[in-house]
Amino acid sequence: MDRIVLERMQFFGYHGVLPEETRLGQRFVIDVEMFLDLEPAGRSDDLNLTVNYAEAYAKVKEIAEGKPFRLIEALAEQVASVLLQSYTSIYEIAVRVTKPHPPFETHFDGATVHIHRRRS
């Protein structure tokens, strides 16, 4: 199965349910796996036959650094939805959003949600 993976993209956002999260903000790490047929692009060397990952990165950045979400689940869902709508060649997408340092006493590396969506 072919895929394009954007790994460990880091953004600063104001997502969360706690007052300090929406006031102070924090770093978020986002991974995206886009499943699509890469053979036509690979054979032709034509950018139009694949997903331009610089453009995809810009879309994720706009979402992550834009309107605050209370839940990282909602942030992940929005990333998946926008990328599926933007690129008809993507037939499945997986999005992982990690909040590395939740603003409460923790003894773990962070909180992560991982969603997987298919084009209907």
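The model is predicted: local features need pLDDT of at least 70, side-chain atom pairs count only at pLDDT 80 or more, and totals for chains, interfaces and linings use all residues. Residues are numbered from 1 along each chain as its sequence is written, and side-chain values use heavy atoms, leaving out hydrogens and water.

The secondary structure comes to four helices and four strands. Helices (H or I, at least four residues) and strands (E, at least two) are DSSP runs, numbered from the N terminus. Read from that end, the elements follow the order β-α-β-α-α-α-β-β. Along the principal axes, the C-alpha atoms fill a box of roughly 50 × 25 × 25 Å. Of the 120 residues, 39% count as buried. Buried means under 20% relative accessible area, exposed means over 50%, and partly exposed lies in between (1.4 Å probe, protein chains only). The chain exposes about 7,300 Å², and carbon and sulfur atoms supply 50% of this area. Accessible areas come from the Shrake-Rupley method with a 1.4 Å probe; for residues, only the protein chains shown count as cover. A contact means heavy atoms within 4.5 Å. Among contacts with a separation of 6 or more, 63% are between residues 24 or more positions apart.

The strands form an open sheet of four, in the order β1-β2-β3-β4, with antiparallel pairing. Two strands pair if DSSP finds at least two bridges between them. β1 and β4 stand at the edges, each with a single partner strand, so one side of each has no neighbour in the sheet. From one strand to the next, the twist averages 15°. Axes here are lines fitted to C-alpha atoms, for helices over the stretch in contact, and angles run from 0 to 180 degrees between N-to-C directions.

The bridges can be followed across the sheet. Nine of them join β1 to β2. In this pairing, Met9 stands opposite Ile30 of β2. Seven bridges join β2 to β3. Here Ile30 has Val97 of β3 as its bridge partner, while Asp31 is partnered by Arg96 of β3. β3 and β4 pair over eight bridges. Val97 is partnered by Val113 of β4, and Glu92 stands opposite Arg118 of β4.

α3 packs on it and touches β1 and β2; its direction makes about 30° with that of β1. α4 lies across β2, β3 and β4, running at about 30° to β4. The expected span of a helix is 1.5 Å times one less than its number of residues. For the 15 residues of α4 this gives 21 Å, which agrees with the 21 Å between its end C-alpha atoms. The buried residues of α4 are Ile72, Leu75, Ala76, Val79, Ala80, Val82, Leu83 and Leu84. Their cover includes β2, α3, β3 and β4.

β3 is mostly covered, with seven of its eight residues buried.

In soluble globular proteins, nonpolar side chains tend to be buried together. A nonpolar core is a set of buried Ala, Val, Leu, Ile, Met, Phe, Trp, Tyr and Cys residues joined through side-chain atoms within 4.5 Å. The largest such core has 30 residues; Ile30, Val32, Met34, Leu83, Ile93, Val95 and Val97 have the most contacts inside it. The elements that give it two or more residues are β1 (3-13), β2 (26-35), α3 (53-64), α4 (72-86), β3 (92-99) and β4 (111-118). α4 supplies the largest share, eight residues. Ile30 touches residues including Leu6, Met9, Phe11, Val60, Leu75 and Val95, not counting those up to four places away in sequence.

Two backbone angles remain. Most residues other than glycine have a negative phi. Arg8 has a positive phi, near 55°. Arg8 lies in strand β1 and is exposed, with a relative accessible area of 52%. Asp45 also has a positive phi, near 60°. Asp45 sits in the loop between α2 (39-44) and α3. With a relative accessible area of 73%, Asp45 is exposed.
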